[in-house]
Amino acid sequence: VLAFGTDPFVAHTDGDGLADGREVALGTNPLNPDTDGDGLSEGDEVACGMDTLTPSLQGNGYLYDLRVIEDAEDGDALGWDLWDADPYGEAVNVADPDDAGNRVIQFQSVYGTAHRVWLAPYETRKTIIQWRMRFSSSYYFLVYCRTSVGVLNIRYRSGTALSQIDGIDPEVGIGTNLSSGRWVTVRRDLVADLRTLHPDAELYEVRAFVARGGGYVDDICLLA
């Protein structure tokens, strides 16, 4: 109390809905309800899984947090490894075939080959995943997560039906026209997709993103 100047008779001195002790643990200022100055109180940010120390971004009528997993602008593909190398394929950083000023990741492979990018550190707050894709043939995407029902993949494929793999991995259809050879953006709520198979499950960590097939991806990110 003396060190932080908080009121010993009030649970959360700045009135933001977070107890003073929790604020100290998070690294926020217990005397300021909006330490990062983005217009959202610490209590609201924690409730939404947002970062209390990083100013949120302005959307169309809303604020959000963004973590970029891959936008290819570093000019390389060093973060990608082969998750399934039969047959062998490569992930390479190339110019966007539709916009020479933009860099993207190309999977020079076929459907049997899968590439993976790990998150370091694992993500524990942002559970909306979004990516851009340009595929003209079959694809399959997986998000590797730790959940209250174990470590599993949330799987995304062509189609509209919900399914499951071995009673563990939920499999979600994301549409029938995404292999058109044009850029499309996919956004999914990982918690909602997890609960299509495990209704009461909690998502603890997002660990990796996996892409199977030959095509392009860009702007893979997590949002809160």
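Strands in these legends are DSSP runs of E of at least two residues, numbered from the N terminus, and the model they describe is a predicted one.

View 1. P121 lies within strand β7, and the peptide bond that links A120 to P121 is cis, with omega about 0 degrees. Strand β7, residues 113-123, runs antiparallel to strand β14, residues 203-212, and six bridges join the two. Opposite E123 stands V206, a residue of β14.

**View 2. The open sheet of seven strands.** The strands follow the order β4-β7-β14-β9-β10-β12-β11, and their pairing is mixed. At the edges are β4 (80-85) and β11 (162-165), each of which pairs on one side only, while the twist from one strand to the next averages 25 degrees.

View 3. P87 is placed in the loop between β4 and β5, and the bond from D86 to P87 is cis, with omega near 5 degrees.

**View 4. Two residues with positive phi.** Most residues other than glycine have a negative phi. A72, in the loop between β3 and β4, has a phi near 65 degrees, and A72 counts as buried because its relative accessibility is 0%. D166, in the loop between β11 and β12, has a phi of about 60 degrees, yet D166 is exposed, with a relative accessible area of 74%.

View 5. R132 belongs to strand β8, residues 128-135, and counts as buried because its relative accessibility is 19%, the cut-off being under 20%. Its side chain makes a polar contact of 3.2 Å with the side chain of D219. Beyond its neighbours within four places in sequence, R132 is in contact with several residues, including D96, N102, W183 and Y216.

Technical notes. Residues numbered from 1 in each chain as written. Predicted model: local features only at pLDDT ≥ 70, side-chain atom pairs only at ≥ 80, totals over all residues. Heavy atoms only, no water. Helix = DSSP H or I, 4+ residues; strand = E, 2+ residues; numbered from the N terminus. Buried < 20%, exposed > 50% of the residue type's maximum accessible area, 1.4 Å probe, protein only. Polar contact = N/O pair within 3.5 Å; in protein donor to acceptor, adjacent residues only side chain to side chain. Contact = heavy atoms within 4.5 Å. Pairing = 2+ DSSP bridges. Axes fitted to C-alpha atoms, helices over the stretch in contact; angles between N-to-C directions.
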